[in-house]
Amino acid sequence: MTHTLLQVDNLKTFFHGEEVVKAVDGISFTLEEGETLGIVGESGSGKSVTSLSIMQLLARSAKVESGTISFLGTDLVRLPDPKMREIRGKDISMIFQEPMTSLNPVFTVGAQVMEAIRLHQKVSKSEAQEQTIQLFDEVGIPEPHKRIHYYPHQMSGGQKQRVMIAMALSCNPKLLIADEPTTALDVTIQAQILDILRRLRDSRGMSILFITHDLGVIAEIADHVLVMYRGKVVEHGEIHQIFEDPKHPYTKGLLACRPRLDTKYRRLPTVSDFMDSTVTDAGIEITEKQMTPEKMEQLMQQGRGRLLHPKPILEEIGHQWKEGEYSADTKCVDPAEKPLLSVKDLKVHFPIRKGIFSRVQGYVKAVDGVSFDVFRGQTLGLVGESGCGKTTTGRAILRLIEPTDGVVEFEGKNVRSLRGQALREMRKKLQIIFQDPYGSLNPRMTIEAAICEPMVIQGIGGTRKQQSERAAELMKEVGMNPDFLRRYPHEFSGGQRQRICIARALAVEPDFLVCDESVSALDVSVQAQVLNLLKDLQERRGLTYIFISHDLSVVKFMADMMAVMNAGEIVEFGPAEDIYANPQQEYTRKLINATPRDDLQHIHQRQEERKQARAERLSTIASV
Amino acid sequence: MLTYICRRLMIGIFTLWAVTFIVYGLIRSMPGTPLTIQQDMVSMDNMMSEKQIEKLEKQYRLDKKWYIGYWYWLGDVLQGELGRGINDRRKVSVIISERLPKTLMLTGTSLLLTYLLCIPFGLWTTAQSGKFRERALSTFLYVLYALPTFVAAVYLNLVLAVRWDLLPLYGSSSEGFNEMSTLGQFQDILAHAALPIFCLTYGSLAYYTRFIKANMMETVQQDYIRTAKAKGASPARVLIIHAFRNSLIPLVTMVGLTLPTLLAGSVILETIYQWNGIGFLFFQSISGREYPVIMGLVLMFSAMTLLGQLLADVLYAIVDPRITYS
Amino acid sequence: TGGTSEVSQEEANKAIAEFDYDLGVADFEAPTWEELEANTKWTDKKVTHALEDVKAELADYTPPVPPAEAAQLKSTNQEEIDTILASMKIQPKSEDEVDWSGTWVHHVAGDINSLNPLPMSSTADFDVIGLTGIGVINSDINMRPTGNGSVVKSWQVSEDNKLHKFVIRDDLTWSDGEPITAEDWEFTFKVIKHPEMAVYIPAIASSLEKVDYVKAYDEHTFVVFHSESTAVNDWSDEFPIVPKHIYYESIAADPSMADSDIHLQLEEKPVVGGPYEVVSRTRGKNVILKRREGYYMHNGEQVREKPYYETIQMEVISDTNTALMALSKGEIDDMIIPAPKWNTDAASEDFYAKNVKVSAPQWGEYHICWNCESELFKDPKVRKAMSYAVDYKELLDRVLDGLFEQANGPFHPTSWMAPKPALPLYTYDLDKARQLLDEAGWKDTDADGIRDKEIGGKKVPFTFTIMRTPTPTSEKVVRVLLNSLSKVGIKVEERQTEFTVLQQKAQDHTFDAIYGGWGSGTDPFYSKNIFGTDQQRNYGQYSNPKVDELYEQGLVELDPEKRAKIYQEIATLIYEDQPYTFLFYPSELHGFNKDMRGYQFSARGPFHYSPGMESLWKVKAD
Amino acid sequence: MSAVQEVAQQPVKPIKPAQSQGFWATSWRYYRRRPMAMLGLYFVILLGLVAIFSPAIVGTKPVACYYKGSLYFPMLGYFNERWEPAIFTTGDHFENKYEPNLKKNDPDSWAIWPLVRQDPIERVRSDWFEDQPGNPDKAEGKPSWKNLMGTDSNGVDVFAQLVHGTRVALLVGFVSMGIASVIGIIVGACAGYFGGWVDFLLSRFIEIVLCVPTLILVIALLAIADHPSIWQVVAVIGLTGWTGIARLTRAEFLKVKQIEYVAAAKAMGAGPLRIMFIHILRNSLAPILVPISFGIAAAIFTESALSFLGIGADTLTPTWGRVLHEGQNNIRSMWWLVFFPGLAIFLTVLAYNLIGEGIQEATDPRTRDA
Ligand SMILES: Nc1ncnc2c1ncn2[C@@H]1O[C@H](COP(=O)(O)OP(=O)(O)OP(=O)(O)O)[C@@H](O)[C@H]1O
Ligand SMILES: Nc1ncnc2c1ncn2[C@@H]1O[C@H](COP(=O)(O)OP(=O)(O)OP(=O)(O)O)[C@@H](O)[C@H]1O
Ligand SMILES: [Mg+2]
Ligand SMILES: [Mg+2]
């Protein structure tokens, strides 16, 4: 016997800025106790706003125009704030989409979780700490005893996200709203988290509102799925129904666009291959399009193949070039060519201080002797579990962090010895897309200014006007409306911000780009569009990438060569396909296996498990 | 950090040297010498003779170039000797230390009171920002800010001390203070200090309140404030624990900057309330060109200023873990 | 803090042994008593008993209205002021009228720097020392020197006026019970003359510049040896004395008189010889004096007038607003009322509730000093033009509330040295001023509204800066001048400066004009250092050989009649040269508690003469 | 399935040119929407107008007059004495009495008078204007229809002094704080951003300036100047008053430079100047604006305090501080001498703060729309 926990009725949430943005435009759904509702949808379709509306934590310019949000019978929209406060954190808790900026920079992460515990539970400080450590352990933060004393800036992106999760879980809420909770997590941790969520849901009857763009994750956890598109619900149904028989062209598109470990696409299909949307006076009209087999074929065949390291090197690292094993268009770099970027024995150690006066207590060896080469036109995929030092490596290459040791050579020049103009020149060619898109955008700059800025700095792109035109173009390329150029970073959804960062990095037409989890917050259709764009650019302009991601399918799609990192070191290095097909390390294998699966069989299996667990719980309740 | 502090203290000595050197140069370049005034103090009927003036000039080292005089002064200081007042012939250290407690009592209480009031005011106005009552309080504070101290002091004296006879008119203690009981002494001090402390405090409230509000408004926009709210923390908790902690950096700067005012006193209030403090001493010493006293005071102010700056710098690293000094 | 002496006993002993008290007077060979008596023809000088004399004088005096009635008057016109003054000056008719246990809280504006008379420097110091100290010469109410009868038995001078012999009374004791002897004078004189002491006691040392020696010939007799024979030698006989038995060792050990324990102790509670002794001192707050029995009683007999007040409290309040409130509140008993407050705060109901106010002329003057060496003011015509450009009526009636009289020379018209008949006053006459300026060659040739003149081939506009100290009255006074000068084509910049800066610029003669004032000395000879060529206070560098010569004569002329003539002539010459534009003679404005009686005003106010403060008394409450 | 589905009711807006305005232009656009902030701005503009037109608002010299066949503008004399036509001064000796003299010397003359016939420097006497009695002075000078805000103890009209005093009140604030903010922000920004030895040197410099007492500096500097005017005082206030701003800027920079977007800008190759003044400064305005907005108002106090200490402007320049100072001397009997300048200062403080608040809100995109 279940009853309705949350019922959202015709919810409309608008932003009243310079123009009205109808972020959520009349959506309705219900959520039963113990149920998981997955919300998927286009980036910027109103998922986060919906969840924030439920929490009543909307920005100042947002207003719930109409509709009700009934939680256990009380309408949250009209609930006075003191009452709402009792519900927040205790009955409903939320994992925010951007863990980077959602943690208070001046408190240790442990203190922040402990606070959440102590706000709603009558426990002593030490008990709360005990619980926190346990939670940290559960969500897979290594060395939780130490980590509770870390400040947010000392944690990697994924670690911060896990802190957020721990915080949200700390009080056993009735309803957990998880907004893209695993974007920054590597697959092993993601699996672990999903496990926890499932367990909590089934053992405690917790309901989950799970927002994600990752259909694989949806498949792993959700009972029902809600598909959102431009502030509206376009499809709502049980999980297997959506996967088996999607009705709406958008849903169909989503299911088709997702890169899988086993796909052979050179380019990914995008939603526009499945539907057309035209803006008319009345609104947006959507027309379904059929995906033709020719088109499919085209996607499989067109586009660049892979570019591997010179043969001698391949040999050296134990991935001999075996004629025929690689697809036809896989090429090798000419042995005479010098690598564009060469990293030798890079080390970044962060000192750990404790207390006010105390000295350095020890070092976090974030990167500990990493060496690799990247050749012009290549894509190096960098994978590894969260906190293994990927971001730090990327930043050290650009000298945003001074490396402790090691050599980084770009175009044969030692990056560490560059100064002034030379450094500027280097930065024109070498760009990075940051893992934290919100943090890396100046809150007081319109995104037009943000995108134009690199052009202004590097003195390219012609006149101001031409630069803005180029900015508009870039916006279109990353799938965004050029009209948005006049907005400020806080007025965007997570995915939109990520795209802005990509657009900004592309603005200077760099030779080399470090993409740090750059598509993690994008829904598959946009992700596909962006990935295609990156590939196109590579083909057209011979761009070189270091592609950092935890999503192995994306890395596999993108990367030519791949490095697997663990605890600051590279444990495996070789052609991407080789590594997938034939992982040498246990660690790598674990990563590959943990990738979420969205085949129907798997979904059915999950649902079965689910039923069982629920029955068990009900029986225990009955027997009490 | 400890080494940082030690290093700063060492450097501070150098800074002190530079400051005193500059100030010594400045005061020696101000027109007039201690003799200018002394010559005037001699009665109408007499004048100091040339010989006497020469002697005095020698004594005060006025016959030497200022930078040479400075080294003499520095030599004395290094021997722990700050020199002697010119009017008040006692040692500078004695003159200053006699007045210091009084000033500290006023300024210390006032500074404490200012911060104790403006922090809640600042937080409250942040919470109520834009509402009528916030506007009303802010405007009221601006009125206070615009009300000159000497006006308030005189009117308060007129009403509270003369008309109603509730509080003493001036002075820092009553006659027979030493014979009073401890409680009586406390009450007496309180009664005497009430008005000057009030006058010293009210004007700055608007400034600090607005300062805190401005910084808080910036902080409460941040995402982590949303996180705190999502935890179910009360608005007060969100404001005080989460937001306030993050706007401490400017406040700490402010504290560092205001620390030296502890020693500065206020010329106007000290004159009106006949409160023999440092402010009046400083003013008097400047007009009298009492070089040794000025230098002693400057040395003291500077040391305090440097300490304030050091304190602020150290506190930065404490209130914001992202800031480190290596 | 700082109370403990850092000097060890041994070092102190060594210092005492090495300190040569005769160092400052080593050049002087004093004659023996016999030589002295043999070679000198002594004439007696007048010795008076100030308070006794006043009492006697007023014994039969009936005030125009009873004092209690006079106390109700509000001093809105001169008549009322005169009535109050005439009624309040009475002395008690019987002992019972006096509140012998009364306290007088006397206001002083600046802190009392020193209770030791030697380093005294401020007027407040002077007030305290006037009550606690003794001296041989008094100034009477007319500013004439007389022997102080409560200290000296006789005072004789030699024919050439260079030797002054004093025989002091034998019933004088210090507050520690030791007798006061002639030795104390000799000792004090040597201390003052000692070269090492000069830095610590600059003021007093300068007054004894022209005295060679003071020698004690026996316990009660001492002779003052003046180096020159002048008309003002009498004044140099007067200097405060300190007890030799206390200071002999301590000064040798610590000439600064500020470091050693004993000096610090003495600074708080000095050993004194006067009618009052210090019972407590709080720096920056007050000094409390108590009537000293040892002064008026000797061996169980009353030998001097018993001081009226049991306690005199010198209360320091530097802010006049506060002081006025304290006066209204009855917390202080008297104060000098600043002129701008006369008709405002000092005319309010709460002021009159407890107080009366009076005014009386004073021998000071305010002026604008022109720098006679500057191109602008070299020509006396220009200076005269300036004097014609002052709107005296506006100045005196408006700005100064009609409180003060217009001045036309350095000496107050009521004084003996002022020209008789009085010289005509300058009037406000812009046309005359213009004419004089035209005559002096200052014309507006370029029609820019400012006069100019060709000097040394360069056109110099008539613009100058007038400096003044930051007082409210000075600002207003200067404004009057500025406004009228702008109308005759002169651009004046006004510059308010810190007192010290003004003083320094004045001493360096780096100024065009200064607004300032001189208080009054006891004798007109002092004005030599103001108007004499190259004198130290001659800031405006005025020079007239005739005047210089007259000053020389005035100093040595002993006949009062002839002396008066000399100074009158000086005043006339100065009037003609107008090195100053004289503005006004200030009056002493004073508020008294209604209970106070016995005050009379000298040319230096109600206190700074004999008996002065001692003549004030408090009526017993019914 | 070719269903045509209507998805969103989004209004279709005309596609605007994507060109957006700069940060400051946008801020200004938002600033304009804040009525209180605009009120503050209007007030300051009003003060500016009053300052410019002060001689036409109140004065005794005609705005324009026709005299002996020529046209003159005697009111300019209020800005600079030399601008008053000489014919009225050294020529025909008007002695400020324009009305009777114009008539007497030239029956054909005419004049346009200021709105209020009062003088900021001199007491208007009874013979200055036919239909206007002389000014009362001292305690009689209460506010009245003739003297809107009363007269000071010299009988000079307070309204006239305040109106003419706006010139100094505005300039003192803007110039001194202008100097102070520029120095303070630059020094603080460099110290905070570069850190290391730059911070070390600049911090020591800040400390030294902080330690040298302003009073000493003022006296010493004014002594050096031959003709010290209000400008020297302003310069000294400006040259010494920047330390607080510098410290605050430095502290903010220390904090903000740690934020990711600074790294992002660096990665783009932005030079230090750009990062400092375009990226960090904008985000550090909150604590800096407060001392500046208060400082502009406080300069008026400082000016009057300096004249209290006996240093400062000449008295022929009417200033608010002077009236206040005059009020201090007559505090019990002439309340209007404190009240009106106090009111003026209060309104100015309020206005500057409203502007400051407005700027803060308008420059923060997150609070703009609220
Ligand atoms: N403060 C704001 N002002 C104006 N528009 C806003 C604001 N915040 C969000 N939006 C708009 O509201 C829409 C919905 O945003 P929301 O954050 O809910 O998207 P989302 O579905 O969570 O997308 P993503 O998957 O990219 O996070 C977006 O188009 C966004 O641009
Ligand atoms: N400033 C710092 N001080 C101390 N430790 C740090 C600091 N920055 C990062 N670390 C630590 O360095 C390690 C590597 O961090 P990094 O951000 O490179 O990880 P990552 O591989 O990017 O992980 P993720 O995928 O979660 O973003 C983490 O354990 C992190 O806690
Ligand atoms: Mg979102
Ligand atoms: Mg990372």
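Modeller: An oxygen atom of ligand 2 sits 3.2 Å from a polar backbone atom of G157(A). The model is predicted.

Colleague: What makes the approach of ligand 2 to G157(A) a polar contact?

Modeller: The cut-off for a pair of N or O atoms is 3.5 Å. At 3.2 Å, the G157(A) pair is within 3.5 Å, so it counts.

Colleague: Which distances apply to Q154(A) and G158(A)?

Modeller: For Q154(A), a polar backbone atom is 2.6 Å from an oxygen atom of ligand 2. For G158(A), again a polar backbone atom, the value is 2.5 Å. Alone, ligand 2 exposes 640 Å², and the protein buries 92% of that. Helix 7, strand 16 (360-374) and helix 14 (390-397) of chain A each give two or more residues to its shell.

Colleague: How many residues surround ligand 2, and which are the closest?

Modeller: There are 21. The closest are Q154(A), G158(A), S386(A), T391(A) and T392(A). By class, the shell holds 6 nonpolar, 12 polar and 3 charged residues.

Colleague: Why is P152(A) called buried?

Modeller: Its relative accessible area is 4%. Buried means under 20%, so P152(A) qualifies. P152(A) belongs to the loop between helix 6 (144-147) and helix 7 (157-169) of chain A.

Colleague: Which residues does P152(A) contact, leaving aside neighbours within four places in sequence?

Modeller: L103(A), N104(A), P105(A), F107(A), V109(A), Q112(A) and K160(A).

Colleague: On to ligand 1. What makes R487(A) a polar contact of ligand 1?

Modeller: A polar side-chain atom of R487(A) is 2.9 Å from an oxygen atom of ligand 1. That is within 3.5 Å, so the pair counts. Q496(A) also uses a polar side-chain atom, 2.8 Å from an oxygen atom of the ligand. With E491(A), a polar backbone atom is 3.1 Å from a nitrogen atom of ligand 1. Taken alone, ligand 1 exposes 640 Å², of which the protein buries 94%. Strand 2 (20-32), helix 1 (47-55) and helix 18 of chain A are the elements giving two or more residues to this shell.

Colleague: How does the shell around ligand 1 divide by residue class?

Modeller: Into 5 nonpolar, 11 polar and 4 charged residues. The shell has 20 residues, the closest being S43(A), G44(A), S48(A), S493(A) and G495(A).

Colleague: Why is helix 18 of chain A said to be largely enclosed?

Modeller: Because 14 of its 14 residues are buried, the rest of the structure largely encloses it.

Colleague: Now chain C. Is R281(C) buried or exposed, and what decides?

Modeller: Buried, with a relative accessible area of 10%. R281(C) lies in strand 10 (residues 276-282) of chain C.

Colleague: What does the side chain of R281(C) reach?

Modeller: The backbone oxygen of I112(C) at 2.9 Å, and that of N113(C) at 3.2 Å. Beyond four places in sequence, R281(C) touches several residues, including S114(C), L115(C), E267(C) and E268(C).

Technical notes. Residues numbered from 1 in each chain as written. Chains lettered and ligands numbered in written order. Predicted model: local features only at pLDDT ≥ 70, side-chain atom pairs only at ≥ 80, totals over all residues. Heavy atoms only, no water. Buried < 20%, exposed > 50% of the residue type's maximum accessible area, 1.4 Å probe, protein only. Helix = DSSP H or I, 4+ residues; strand = E, 2+ residues; numbered from the N terminus. Near = heavy atom within 4 Å. Polar contact = N/O pair within 3.5 Å; in protein donor to acceptor, adjacent residues only side chain to side chain. Areas by Shrake-Rupley, 256 points an atom, 1.4 Å probe, with all protein chains shown as cover. Nonpolar A, V, L, I, M, F, W, Y, C, P; charged D, E, K, R; others polar. Contact = heavy atoms within 4.5 Å.
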